[in-house]
Amino acid sequence: MTVARSLALFAIAALFEIGGAWLVWQGIREHKGWAWIGAGVIALGLYGVVATLQSEDNFGRVLAAYGGIFVAGSIAWGMVADGYRPDRWDIIGALICLAGMAVIMYAPRSH
């Protein structure tokens, strides 16, 4: 699998997971109701499906690497959906997480 395809799968997974969690949050915390919660639960399930499409066989490695995408994606989602304004420490932290993701997922390994 190419790095580009792997990153695309991580991005799609992030949309489902972060979007799903946001929908559940909106349903409960913002009192938008069961339809929002249900849509969120479905999206969260789809996140789990997309994660399995990575070519890496090690579940722990894929989920650990995805964590970096989740951190950066959550900040981006908050900016777009909720008007969140990250400070420089948020940005630096997200970049560190993305660097960690790249090392975990794409570092050359001898098999």
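This is a predicted model: local features need pLDDT of at least 70, side-chain atom pairs count only at pLDDT 80 or more; totals for chains, interfaces and linings use all residues.
The axis of a helix is here a line fitted to its C-alpha atoms over the stretch in contact, and the angle between two helices runs from 0 to 180 degrees between their N-to-C directions.

Taken along the principal axes, the C-alpha atoms fill a box of roughly 50 × 35 × 20 Å. Of the 111 residues in the protein, 27% are buried. Among the contacts with a separation of 6 or more, 64% are made by residues 24 or more positions apart.

The buried residues of α1 are S6, L9, F10, A13, A14, E17, I18, G19, G20, V24, Q26 and G27. In general, an α-helix has 3.6 residues a turn, so residues three or four places apart point the same way. What covers the buried residues of α1 includes α2 (34-51), α3 (59-82) and α4 (88-106). After α1 comes H31, a residue whose phi is positive, near 60°.

The crossing in which α1 passes α2 is left-handed, and by class the contact of α1 with α2 has 18 nonpolar, four polar and one charged residues.

At 0% relative accessibility, under the cut-off of 20%, G40 counts as buried. Leaving out residues up to four places away in sequence, G40 touches G20, L23 and V24. The C-alpha atoms of G40 and W25, although these residues are 15 residues apart along the chain, are separated by 8.6 Å.

The arrangement of α1 with α3 can be described in the same terms. Here the axes come within 9 Å and cross at roughly 55°, and α1 and α3 are therefore oblique to each other. In this case α1 passes α3 in a right-handed crossing. On the side of α1, the contact is made by F10, A13, A14, L15, E17, I18, G19, W22 and Q26, while α3 contributes V62, A65, Y66, I69, F70, G73, S74, W77, A81 and D82. By class, this contact of α1 with α3 has 13 nonpolar, four polar and two charged residues.

Among the α1 residues in that contact is Q26, and its surroundings can be followed in more detail. Q26 has its place in helix α1, and because its relative accessible area is 7%, where buried means under 20%, Q26 is buried. Which residues does Q26 contact, leaving aside its neighbours within four places in sequence? They are H31, K32, W36 and D82. Of these, H31 is the residue with the positive phi that follows α1, and D82 is listed on the α3 side of the contact between α1 and α3.

Notes
Residues are numbered from 1 along each chain as its sequence is written. Side-chain values use heavy atoms; hydrogens and water are left out. Buried means under 20% relative accessible area, exposed over 50%, partly exposed in between (1.4 Å probe, protein chains only). Helices (H or I, at least four residues) and strands (E, at least two) are DSSP runs, numbered from the N terminus. Contact means heavy atoms within 4.5 Å. Angles under 35 degrees count as roughly parallel, over 145 as roughly antiparallel, 65 to 115 as roughly perpendicular and the rest as oblique. A crossing is left-handed if the near helix is turned anticlockwise from the far one by less than a right angle, and right-handed if clockwise. Ala, Val, Leu, Ile, Met, Phe, Trp, Tyr, Cys and Pro count as nonpolar, Asp, Glu, Lys and Arg as charged, and the others, Gly among them, as polar.
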